[in-house]
Amino acid sequence: MPQLTDKLVIAISSRALFDLQDSHRVFEEQGLDAFSQYQVEHENDVLRKGDAFPLVEKFLQINERLGGESRVEVILLSRNSADTGLRVFNSIEHYGLDITRAAFCNGESPYRYIAPFGCHLFLSSDGQDVRHALEQGVAAATLVAGGARERRDDTLRFAFDGDAVIFSDEAEQIFKRDGLAAFAAAERASAQKPLGGGPFKGFLEALQRLQAEFGPDSCPIRTALVTARSAPAHERVIRTLRAWHVRIDESVFLGGLPKGEFLRAFGADVFFDDQPNHCASAAEHVATGHVPHGVANLEE
């Protein structure tokens, strides 16, 4: 009986994988019936690539590198019906993507299928679906439109903010409430105490297990921590990752500098951050996912 428990599983919405702006506009302006008719009439028209397409393409190529039993899986989760979703699957076939499992929910939110599929990461264009996924304990992000870039090589590069993404927002709460000086003092005092895990800790750990299946010189996955922290607040981060037995390939401590140019230098296929203003800035350079978690999102 097929099982996904030994795989790294990413769930993705159809609007993140493909450019569905035209049909979504029909849905918003004319309603569900007009949308369904539009999709059926255009079901043989290949959809343009969406913001997450390059990431998914690289992700699936990892199976080719490993050979044998596939180790990564992409699940399509869609608000389309199976009937209107035929255009999506036709486009998947056109591009040669190895995506065979899907849930079509006919207007309802598909987030409830994330847990049964055993997903480690959910990427969507719908912020509410992403919040529901985070509530289920799954790493999830809302893709910021327009951030995708052409692939420059076959290495898959994930970049993460630290607080409220990989780590809990406990330190960020102090910063928001009491300011930078209090944050720095608290982090210096707690340097030996590991931070709690954030919503992306589990995904990072699963990613590292996949990296371990490759030799050090042949791994097609690289990770980076790109954080506004600086010394002395860097020490607690390093000791936390050490306590978790998690290795990150590159760590960049920016001390408040804008992240965009550094993400572009790293060549990130996607960057995850909890703060909307950081996401908007980063999306000018790389594909970016907003993680609506933690104190920075309480005012939304």
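Tutor: Happy to! Accessible areas here come from the Shrake-Rupley method with a 1.4 Å probe, and for residues only the protein chains shown count as cover. On that basis the chain exposes about 13,700 Å², of which carbon and sulfur atoms supply 48%. This is a predicted model, in which local features need pLDDT of at least 70 and side-chain atom pairs count only at pLDDT 80 or more, while totals for chains, interfaces and linings use all residues. Residues are numbered from 1 along each chain as its sequence is written, and side-chain values use heavy atoms, with hydrogens and water left out.

The chain has 12 helices and 10 strands (DSSP runs numbered from the N terminus: H or I of at least four residues for helices, E of at least two for strands). Its C-alpha trace spans about 60 × 45 × 35 Å along the principal axes. Of its 300 residues, 51% count as buried (under 20% relative accessible area, with exposed over 50% and partly exposed in between, 1.4 Å probe, protein chains only). Among contacts with a separation of 6 or more, 74% come from residues 24 or more positions apart (contact means heavy atoms within 4.5 Å).

Now the sheet. It is open and has 10 strands in the order β3-β2-β1-β4-β5-β10-β9-β6-β7-β8, with mixed pairing (two strands pair if DSSP finds at least two bridges between them). At the edges stand β3 (101-104) and β8 (250-253), each with a single partner strand, so one side of each has no neighbour in the sheet. Direction ignored, neighbouring strands are turned by 25° against each other on average (axes are lines fitted to C-alpha atoms, for helices over the stretch in contact, and angles between N-to-C directions run from 0 to 180 degrees).

β1 pairs with β2 in the parallel sense over six bridges, and Leu 8 stands opposite Val 72 in β2. β1 also runs parallel to β4, joined to it by three bridges; here Ala 11 stands opposite Phe 122.

Further along the order, β5 (residues 139-143) and β10 (residues 288-290) run antiparallel and are joined by two bridges. Leu 143 stands opposite Gly 289 in β10. Helix α6 (residues 127-135) packs on the sheet, touching β4 (121-124) and β5, and its direction makes about 170° with that of β5.

β9 and β10 pair in the parallel sense over three bridges. The residues of β9 (270-273) are split as well: Val 270 and Phe 272 point one way, Phe 271 and Asp 273 the other way, and all are buried. β9 also pairs with β6, in the parallel sense and over three bridges, with Ala 159 standing opposite Phe 271.

Gln 211 is buried, with a relative accessible area of 3%. Beyond its neighbours within four places in sequence, Gln 211 contacts Cys 219, Ile 221, Arg 222, Thr 223, Arg 247 and Asp 249.

Finally, some backbone details in the loops. Most residues other than glycine have a negative phi, and most peptide bonds are trans. Ala 164, in the loop between β6 and α7 (170-178), has a positive phi of about 75° although it is not a glycine, and is buried with a relative accessible area of 0%. His 245 sits in the loop between α10 and β8; its phi is also positive, at about 60°, but His 245 counts as exposed at 67% relative accessibility. In the loop between β7 and α10 (234-244) you will find Pro 232, and the peptide bond from Ala 231 to Pro 232 is cis, with omega near 5°.
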